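Here are my notes after a pass through the structure.

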Amino acid sequence: MILTHAHVRVWIQNYRDLIADNVDELNKLDAAAGDGDFGASMQRGLDAAVAAIEPLDTDSIGKLLRTVGMTLVSSMGGTSGPLVGTLFTKMGATLGDTGETHTANLAAAFRAGAEGVMALGQAEPGDKTMIDSLLPSVDTMEAVIGGEHTLQSMLADAADAAR
């Protein structure tokens with residue numbers, strides 16, 4: 001299936017809405033091992049990211065994702081901003097300035113993003129970080145490429161693997 005820049009815009013907006021709907025739960029989970037502001041920080045960052053991409057007059061998936069990444073880095077506190085920002089920035093760099101792409105390229109972009117997060121955070125599988133969810137989802141995306149999966153089913157399977 002083809003992924004377009006319009007899909008990416010909607011995905012970012014939906015991601016922001018999902019975080020906003022779960023901000024209290026995310027803060028509660030973060031409070032168990034951190035300062036309890038992860039949900040609020042993600043909401044602040046994604047609100048800024050959506051505002052940053054709304055006026056962009058571009059068909060470039062890469063530019064959208066790089067803008068989201070840079071905005072997250074600059075608008076979120078703590079380590080989450082640079083880590084999640086790196087994920088998006090590396091994905092955008094991998095996809096480049098195309099207006100549409102295939103699921104195989106999306107999987108490659110997620111792989112590059114995960115590797116960027118691992119390098120920045122010096123995290124390895126089993127360290128109880130976001131890598132422990134991110135890598136299984138990327139592995140699942142790569143495993144289904146070329147099969148009968150639609151984009152939606154590939155992403156649903158990836159989400160299941162992350163859980």
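1. Start with Thr71, which touches Gly45, Ala48, Ala49 and Ala52 once its neighbours within four places in sequence are left aside. Thr71 sits in helix H4, residues 61-75. With a relative accessible area of 13%, Thr71 is buried. Bear in mind throughout that this is a predicted model.

2. Next, helix H2, which spans residues 23-31 and has Val23, Leu26 and Asn27 buried. Viewed down the H2 axis, these buried residues fall within an arc of 100°, so they line one face of the helix. For background, an α-helix has 3.6 residues a turn, so residues three or four places apart point the same way. What sits over the buried residues of H2? The cover includes helix H1 (5-21) and helix H3 (38-53). Asp24, Lys28 and Leu29 are exposed, on the face of H2 turned away from the buried side.

3. On to the rings. How many aromatic pairs are there? The count comes to three. One of them is Trp11 with Phe88: the ring centres are 5.6 Å apart and the planes are at 35°, so the pair is tilted. Trp11 belongs to helix H1 and Phe88 to helix H5 (residues 80-95), so this pair ties together parts that are 77 residues apart in sequence. The two partners are worth checking for accessibility: Phe88 is buried at a relative accessible area of 2%, whereas Trp11 is partly exposed at 33%. Ring pairs also join Trp11, Tyr15, Phe88 and Phe110 into a cluster.

4. Now the charged pairs. Side chains of opposite charge can pair when their charged atoms come close. A search of the whole structure turns up five salt bridges. Among them is the one between Arg16 and Asp17, with N to O at 3.0 Å. Asp17 counts as partly exposed, at 34% relative accessibility.

5. Asp97 and Arg66 form another salt bridge, and their closest N and O atoms are 2.9 Å apart. Asp97 lies in the loop between H5 and strand S2 (100-102), while Arg66 is in helix H4, so the pair ties together parts that are 31 residues apart in sequence. Is Asp97 buried or exposed? Asp97 is exposed, with a relative accessible area of 60%; Arg66 is partly exposed, at 25%.

6. The side chains of Asp139 and Arg111 meet in a salt bridge too, at 2.6 Å from N to O. This pair links distant parts of the chain, with Asp139 in helix H7 and Arg111 in helix H6 (residues 103-121), 28 residues apart. Arg111 counts as buried at 19% relative accessibility, and the cut-off for buried is under 20%. Asp139 counts as partly exposed, at 40%.

7. Last, Glu142, which is found in helix H7, residues 131-144. Which residues does Glu142 contact, leaving aside neighbours within four places in sequence? They are Ala107 and Arg111. Glu142 also joins Arg111 and Asp139 in a network of salt bridges. At 33% relative accessibility, Glu142 counts as partly exposed.

Definitions and conventions: Residues are numbered from 1 along each chain as its sequence is written. This is a predicted model: local features need pLDDT of at least 70, side-chain atom pairs count only at pLDDT 80 or more; totals for chains, interfaces and linings use all residues. Side-chain values use heavy atoms; hydrogens and water are left out. Buried means under 20% relative accessible area, exposed over 50%, partly exposed in between (1.4 Å probe, protein chains only). Helices (H or I, at least four residues) and strands (E, at least two) are DSSP runs, numbered from the N terminus. The arc is that of the directions from the helix axis to the C-beta atoms. Contact means heavy atoms within 4.5 Å. Rings of Phe, Tyr and Trp (its six-membered ring) pair if their centres lie within 6.5 Å; planes under 30 degrees apart count as stacked, over 60 as edge-to-face and the rest as tilted. A salt bridge is a side-chain nitrogen of Lys or Arg within 4 Å of a carboxyl oxygen of Asp or Glu.
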